[in-house]
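Here is a walk through a two-chain model, meant to be read with the structure open beside you.

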Amino acid sequence: MGRDLAHLSDEALVALVARADDAALAELYDRFGRVAYGLALRVVRDPGLAEDAVQESFLAVWRSAGRFVAERAKASTWILTLVHRRAVDIVRREQPRRADPLDTAPVATAETTEEEAWLRLRRTRVQEALGQLPDKQREAIELAYYGGFTQSELADRLGEPLGTIKSRMFVGLARLRELLVEPGLEEKQWNAQEFTS
Amino acid sequence: MERTGIHELSAAYALDALDPADEQVFEEHLSRCAECREHVAAFHEAAAELGHATPAPAPPPQLRDRILSRVRAQRGANSAPLRPRWAFRATAAAAAVAASAALGLGLWAASLRSQVGDRGQVIALAGAQGSLAVDPDGRATLIVAGLEPAPIDKTYEAWVIEDGKATAAGLFKGGGNPTAVRLTRRVQDGAVVAVTLERAGGVDQPQSDPLFTTREPL
């Protein structure tokens, strides 16, 4: 008891989780549980289902942490990838006819703590990047990611050819990545990945 | 960035926005295309940024307790040794499977795994390094490390074996690191999945011994 995990990196915590360290999982939850819940709630738009998505995702982290260790991805990316996938699975199962997710996005809570200020800053940055995309690219990405719509559902919904949707998603997400990841870092990572693949 | 044809699907894959049929095709492609694996990793990073952009109300405090108590319960269960209940011949395995293949399961494989969900199963293979992931509805993905590409006039063929009967469950070429294949048939309790090497185009019934199988029935 009382072991201080706060100084460890996210990736080091995942390595401990791979060795069945439940305190490390608790620390990861303390770092990302809130963002995970916010994302799940945005997608499934039901508090109970959002809890299910977060619970299943952290159990998946617990079971598959051993396979993460060798990878170059950030732990936070990995965790949110798991959360998003579970949330999308749930929303497709539970709500075959979805309302427009952009109309019903949850309202931000009053944010006072330091953690909340940091989350708000990060959110502003992403929203600014999204704002730099052409409207139709942004729409395709937001409806896919936050709404859980597949490409063909989007093509039907927007009355556009499937190829157009595919293209918008690719170009938009590539641009978003350029905007959100520091250029120097980006170059280094791409090069490193070429050697390890 | 290559963005023509199937490569273009890497963005939608990272957004979890592929239709099921496209997803199956793309995952198979991903097992062979290093460039797409890079793109998916990069796109997952961008998508995770979107995940950070949602308003984040605090989750109910009991969620943390529930997750941790489930994890502690699972840890108890995991320490029990698995009992191999099925022995299947794996004669030609050594010829087809590289001895020391590293399991390069990437971020995309984690997302495969997450599809299996809480009630799914992951079963190790006998005769090869890898596993079969089965979701609660019986949809199964086979992941094998170090599987050499099938010779030009041959194909790998997956089989679902139930009650002593083998049913064809898909053809694949191998050669990925790892190779990931979504089976075309669902897998029920008690079934075993096996892979044989057959003539190109596939066959209705296995004509050769299995190269590898699931270690035990579902």
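## One residue in chain B

Ala169(B) counts as buried because it has 23 C-beta neighbours inside 10 Å; the cut-off for buried is 20 or more other C-beta atoms within 10 Å of a residue's own, with exposed meaning 12 or fewer, partly exposed in between, and C-beta atoms placed from the backbone. You'll find Ala169(B) in strand β5 of chain B, residues 165–172. Helices (H or I, at least four residues) and strands (E, at least two) are DSSP runs, numbered from the N terminus.

What does Ala169(B) touch, leaving out residues up to four places away in sequence? The list is Ala158(B), Trp159(B), Val160(B), Leu183(B), Thr184(B) and Arg185(B), where contact means that the two C-beta atoms, placed from the backbone, lie within 7 Å. As for Thr184(B), its C-alpha atom is 4.9 Å from that of Ala169(B), although 15 residues separate the two along the chain.

## Ground rules and confidence

This is a predicted model, so local features need pLDDT of at least 70 and side-chain atom pairs count only at pLDDT 80 or more, while totals for chains, interfaces and linings use all residues. Residues are numbered from 1 along each chain as its sequence is written, and chains are lettered from A and ligands numbered from 1 in the order in which they are written.

pLDDT is the predictor's confidence in each residue, from 0 to 100. Chain A has a mean of 83, with 80% of its residues at 70 or more. Within chain A, α6(A) has the highest confidence, at 96, and helix α9 (residues 183–196) the lowest, at a mean of 42. Over residues 183–197 of chain A the pLDDT is below 50, and that stretch has nine contacts in the model beyond near neighbours in sequence.

## Strands and layout of chain B

Chain B has six helices and eight strands, in the order α-α-α-α-α-α-β-β-β-β-β-β-β-β along the sequence. Of its 218 residues, 49% count as buried.

In a regular strand the side chains alternate between the two faces of the sheet. Strand β6 of chain B (residues 179–182) sends Thr179(B) and Val181(B) one way and Ala180(B) and Arg182(B) the other, and all are buried. β6(B) pairs with strand β3 (residues 140–145) of chain B in the antiparallel sense over four bridges; DSSP has to find at least two bridges for strands to count as paired. Thr141(B) sits opposite Arg182(B) in β6(B).

## Where the chains meet

On the chain A side, 66 residues are in contact with 56 residues of chain B. α3(A) supplies the largest share of that side of chain A, twelve residues. The chain A side divides into 34 nonpolar, 17 polar and 15 charged residues; here Ala, Val, Leu, Ile, Met, Phe, Trp, Tyr, Cys and Pro count as nonpolar, Asp, Glu, Lys and Arg as charged, and the others, Gly among them, as polar.

α3(A) itself is mostly covered, with 18 of its 22 residues buried.

## The core

The largest nonpolar core has 112 residues, and among those with the most contacts inside it are Ala144(A), Met169(A) and Leu15(B). Such a core is a set of buried Ala, Val, Leu, Ile, Met, Phe, Trp, Tyr and Cys residues joined through C-beta atoms within 7 Å. Leu15(B) touches residues including Ile141(A), Ala144(A), Met169(A) and Ala47(B).
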